[in-house]
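Dear colleague,

Please read them alongside the coordinates.

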Amino acid sequence: MEATTPAAAGGRRRQARGERRTAQLLDAAAVVFCRSGYAAAGMNAIAREAGVSPGTLYQFFPDKATLAARLGERLLRQLAEVRGRPPVTDASLSLEAMLDALLDPIVEFSLRNPAFTVLAHGPDGPGGVPTALRGQLEEMIALRAPTLPGAQRVRVATTAFAVLSTGLSLVAHHEGAERTAYTAELKAALTRYLAPVTDTATRPKHH
């Protein structure tokens, strides 16, 4: 067994410190994004929240977009750890069951991690969260409607994501029975939108 050299030990300590600092800055960004919204959040405000100088923040992240991307990566990784692979691979499930399996973990995770809802806002939102969620919806649509043309599938997934993004914000802004009701409305809206599209794409054509 090789002995650890002082240089190697020092390198590991520096790496650990860097990882702790990165986590601290990402936590601060999540707080500021939730408080101010992504567009209004400034790097100086994030530095103040983290208790560091702006110069320290810029050493780790050159701009807000890079910071949001790292935060989005962390949140998506945490979501994947909680639920595993997106549950849209069973073609025998009904549309309602697919949406339950897909949305329930997302809603629950977003309520525990409000920054996820902030980053999920809008089709071109920061952090990669919109792209990931839109991709999961597109995968589900492709499974249920394999004959749907690719361009239409993308449009349908993008529209469904817009409903999901708005719905997550509505769910987050209510509590108790109202939160449950808005979650049900979100699922119902997606079901009503997706059912005719997928039914049309899978229904046999009659001549």
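Just after H4, Gly84 takes a positive phi of about 80°. The model is predicted, so local features need pLDDT of at least 70 and side-chain atom pairs count only at pLDDT 80 or more, while totals for chains, interfaces and linings use all residues. Residues are numbered from 1 along each chain as its sequence is written, and side-chain values use heavy atoms, with hydrogens and water left out.

Helices here are DSSP runs of H or I with at least four residues, numbered from the N terminus. Helix H4 covers residues 64–83, and its 20 residues should span 28 Å at 1.5 Å a residue, which agrees with the 28 Å between its end C-alpha atoms; the expected span is 1.5 Å times one less than the number of residues.

The buried residues of H4 include Leu67, Leu71, Leu75 and Leu79, where buried means under 20% relative accessible area with a 1.4 Å probe, protein chains only.

The largest pocket holds about 160 Å³ of space, and its lining consists of Cys34, Pro114, Thr117, Val118, His121, Ser169, Ala172 and His173. Helices H6 (114–119) and H8 (150–172) are the elements that give two or more residues to this lining, and H6 gives the most, with 3 residues.

Best regards

Terms used: Buried < 20%, exposed > 50% of the residue type's maximum accessible area, 1.4 Å probe, protein only. 1 Å grid on protein atoms, 1.4 Å probe; cavity = no way out; pocket = protein on both sides within 12 Å on 5 of 7 lines; lining within 4 Å. Points joined across faces, edges and corners; volume = space filled by probe spheres on them.
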